[in-house]
Amino acid sequence: MEIHFRKLANADEPQQIHETVDVSKVVKGRKDILAVAPLSVELKALPAGTDCVNVVGKLSGDVDMLCSRCLNEVKSVLNIPFAETFKWLKQPVLPEDGDDELIYIKDESVDLIPYVEENFVLHLPDAVLCKADCLGLCQKCGQNLNEGTCSCDNTVIDPRLAGLKNFFK
């Protein structure tokens, strides 16, 4: 999935990119992600001035994750906006007054897959909940509190007064 600066500068219309990208290797090793469907990529590359290209569009896909409180499976649908601006440098030296919004490219073409994978990883939710009022698991016995209560003593004692707990026994 590449864009070529010279081809795009001479083209009459924007370059349309419709592909699927396997992002399972990017999340390999994460214990909270059970399964990742291939990412659907819908992008449009447009010339944006001298040696610049804007790439905009959206990424969409499904991710099966674990609820961060009760460890039940949660299916998440991701719709990720994608917007990057690439500037082709004909000299190998980066300009001193570089713009933080631009991605400087030394070659005449750029492979978009690393940028798609980066956007995917950055838009993954940090903590997924199966429902907003998920009660989670009991810290002592592991009972899923969404399914029922347990018989554990879960009274919270102020740690400053914990030494006095057995004073009158």
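Me: What should I know about the model before I start?
Reply: It is predicted, so local features need pLDDT of at least 70 and side-chain atom pairs pLDDT 80 or more, while totals for chains, interfaces and linings use all residues. Residues are numbered from 1 along each chain, and side-chain values use heavy atoms, without hydrogens and water.

Me: Which elements does the chain have, from the N terminus on?
Reply: Helices (H or I, at least four residues) and strands (E, at least two) are DSSP runs. This chain has two helices and eight strands. The order is β-α-β-β-β-β-β-β-β-α.

Me: How many disulfides does the structure hold?
Reply: A disulfide is a pair of cysteine sulfur atoms within 2.5 Å. Here there are zero. For C150, the nearest cysteine sulfur belongs to C138, 3.5 Å away.

Me: What is the relative accessibility of C152?
Reply: Buried means under 20% relative accessible area, exposed over 50%, and partly exposed in between (1.4 Å probe, protein chains only). C152 has 25%, so it is partly exposed. C150, with 24%, is partly exposed. Of the chain's 169 residues, 30% count as buried.

Me: What is the radius of gyration of the chain?
Reply: The radius is taken over C-alpha atoms, and the globule rule is 2.2 Å times the number of residues to the power 0.38. A compact globule of 169 residues would have a radius near 15 Å; this chain has 25 Å. Its C-alpha trace spans about 85 × 35 × 25 Å along the principal axes.
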